[in-house]
Amino acid sequence: MTDGPNDPWFGCLPPCEAHVPCGQGRHIVRWEAGTLRLLSHPDTEGELVLAALGGEKARCVEVAEAWARHTGDLSMLTVGPRGPADEIPLSWDEVDAAAQSSGRVPVPPGPSRAAPMRLASPSIPTSARAQAQRQRVEQEMARTAQRRNDILSLLALGYGFQVRLIGQVAEAHASPPEDQLARVRPPLATAISARLAPVAEEWIGIDPDQVVVSLHRGPGWGSVELAGRGEQRRLLVSLPGGWLGRVWAAGLALAGRHLVVAVQRAGWPDARVLALRAPGTEPVPLDVHASQESPASGGLDVQPGARDAPHWDV
């Protein structure tokens, strides 16, 4: 009743583009069909080789590397937006300022090199351990700085890229092996809860704090039921982790006053979904059509913001 075996998670997502300052100009980075493409860098591998030999690495290439490093990073589910009303605007000037700041790595705590500790007979093993400790601290600080710069660069791409990255991360962990379930389920459930709660409020008027989400594992789309009354009322939701990419990232969570729980036939701009009119009911198939403001060249949004998120009508 949900997705066919060959149905890609991004089937209801159109391409999107963003301008990235690179070299002496601004280049277009494009996301399409689950892949990030650098339209101004046809020989990315060759540029990486030159960079390894001491050349300057292009900003577009750095962005693509950051994207690749975090497509399976569960912590990215806590970084991105919860919906169009939760847009995270960030300019490339702010990204550059943060990168320059992180380039000034403070000296790790320890004995001053200008005034070393006075030992009667310094031992080589002790000195080696101190040097190794210093290197570990410096490496960890470098990794922290790189992660921060990665995240800021990915956020600067705009809302469209932010939600697509969330969808890609969710899909990467949608069907984890048994030995990874304990690690994967809590962050996925939290991510769904954070994004479903405001949708549920718009759907049936329930307080977002009364929405309780668990991760559905197994056949079928899951369940959505109301329990309790008054302050004890709860909307109990069980959805698969893939809902984030297949439904939420595509802007499909709410269509025609129906809560969409699965995509039955993916497509852009027309799709068929399974949706609930009310909690506790069986999902019904709906044919939906997407509309999207496309002011940029080629009908694609450049630096897409939350206002440009697709809107689906029944």
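**The cavity and the sheet**

Modeller: Met76, Val79, Gly80, Ile151, Leu154, Leu155, Gln162, Leu165, Ile166 and Val169 line the largest cavity. This is a predicted model, where local features need pLDDT of at least 70, side-chain atom pairs count only at pLDDT 80 or more, and totals for chains, interfaces and linings use all residues. Residues are numbered from 1 along each chain as its sequence is written, and side-chain values use heavy atoms, with hydrogens and water left out.

Biologist: What makes it a cavity?

Modeller: On a 1 Å grid over the protein atoms alone, a cavity is a set of points where a 1.4 Å probe fits but cannot get out, and lining residues have an atom within 4 Å of a point. The count comes to 1 cavity of 30 Å³ or more. The largest cavity has a volume of about 70 Å³, volume being the space filled by probe spheres set on the points, which are joined across faces, edges and corners.

Biologist: Which helix gives the most to the lining?

Modeller: Helix 5, with 4 residues. Helices (H or I, at least four residues) and strands (E, at least two) are DSSP runs, numbered from the N terminus.

Biologist: How do you know that strand 5 and strand 6 pair?

Modeller: Two strands pair if DSSP finds at least two bridges between them. Strand 5 and strand 6 (residues 234–239) have 5 bridges, so they pair, in the antiparallel sense. Leu226 stands opposite Leu235 in strand 6.

Biologist: In what order do the strands of the sheet lie?

Modeller: The 3 strands form an open sheet in the order 4-6-5, with mixed pairing.

Notes: On a 1 Å grid over the protein atoms alone, a cavity is a set of points where a 1.4 Å probe fits but cannot get out, and a pocket is an open set with protein on both sides within 12 Å along at least five of seven lines; lining residues have an atom within 4 Å of a point.
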